[in-house]
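Please look over the structure shown here.

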Amino acid sequence: MSGHNKWSTIKHKKGAADAKRGKVFTKIIKEITVAAKLGGGDPDGNPRLRTAIDKAKAENMPKDNVERAIKKGVGGMEGVNYEETTYEGYGPGGTAVLVEVMTDNRNRTVSDVRSIFSKCNGNMGESGCVAWLFDKKGLLVFPKSVDFDKLFEASIEAGADDVADEDEQYEVLTDPTAFHEVKTALEAAGFKPENAEITMIPQTMVKLDGKNAENMLKLMDRLEDNDDVQNVYANFDISAEDMEKMM
């Protein structure tokens with residue numbers, strides 16, 4: 001399981017997702033606005049916008065918020081000029097961390113991100129230092145209550161790359177360009193994903209425990225809490241036993 005996906009599971013268990021819903025909405029609105037600005041306001045012809053809208057629906061964001069964000073993007077986002085970039089670094093225990101940001105002040109953001117790394121026993125690295133450890137993939141997560149054999153067959157027929165039986169869920173991986181096609185086909189076949197996103201999947205994992213595990217969760221939490229950070233990906237692996245102790 002990817003560190004990023006494991007982190008999503010941890011947040012859900014901790015109840016952090018509901019506590020930070022306002023912040024989640026802010027990040028999604030920013031993504032919708034930029035996607036509409038770059039690719040137009042029609043989600044059928046703009047895969048990035050379609051993904052952002054799907055994420056908004058999954059978070060139960062009001063339709064009016066979504067429509068306002070699209071209009072703002074199509075209208076040129078007067079007075080706002082977001083810059084997208086990715087910062088890379090090392091977390092506790094030598095873990096690899098990718099931080100995707102969308103900011104109107106790069107100097108402020110890089111300073112904030114560097115400070116967070118430092119305070120959590122990590123450090124920022126040069127561009128390209130860890131990106132090669134991750135593959136961009138479409139990820140669809142399903143509960144263990146679904147029939148794995150039927151899910152596997154439907155996924156492969158739809159064009160998925162792989163279907164994995166993980167500890168607490170089934171994961172379907174796709175090429176990013178095939179993500180929406182696979183998702184639509186699986187939903188038509190009766191398989192509704194609990195989570196669906198285009199993400200970065202680590203090629204190797206780093207097992208953490210004790211203080212390193214504690215600092216890793218702290219690093220992820222503080223990075224995601226930053227208003228300019230859109231997504232955080234990492235290749236950590238923390239046992240269920242250790243997670244229980246820290247929650």
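What follows is a short walk through some of the salt bridges.

The model is a predicted one. Side chains of opposite charge can pair when their charged atoms come close. Searching the whole structure for such pairs gives 12 salt bridges.

One of them joins the side chains of Lys137 and Asp161, with 3.1 Å from N to O. Lys137 is partly exposed, at a relative accessible area of 24%. Asp161 is also partly exposed, and its relative accessibility is 42%.

Another salt bridge is formed by Lys144 and Asp165, whose side chains meet at 3.0 Å, N to O. This pair, too, links distant parts of the chain: Lys144 is in the loop between strand 4 and helix 7, Asp165 is in strand 5, and 21 residues separate them. For Lys144 the relative accessible area is 35%, which means that it counts as partly exposed.

A further pair lies within one helix. Glu187 and Lys183 form a salt bridge through their side chains (3.0 Å, N to O). Both are in helix 8 (residues 179-188), and because they are four residues apart there, about one helical turn separates them. Glu187 is partly exposed, with 36% relative accessible area, whereas Lys183 is buried, with 11%; the cut-off for buried is under 20%.

Salt bridges can also join into a network, as they do for Glu31, Arg48 and Glu84.

How values were computed
Residues are numbered from 1 along each chain as its sequence is written. This is a predicted model: local features need pLDDT of at least 70, side-chain atom pairs count only at pLDDT 80 or more; totals for chains, interfaces and linings use all residues. Side-chain values use heavy atoms; hydrogens and water are left out. A salt bridge is a side-chain nitrogen of Lys or Arg within 4 Å of a carboxyl oxygen of Asp or Glu. Buried means under 20% relative accessible area, exposed over 50%, partly exposed in between (1.4 Å probe, protein chains only). Helices (H or I, at least four residues) and strands (E, at least two) are DSSP runs, numbered from the N terminus.
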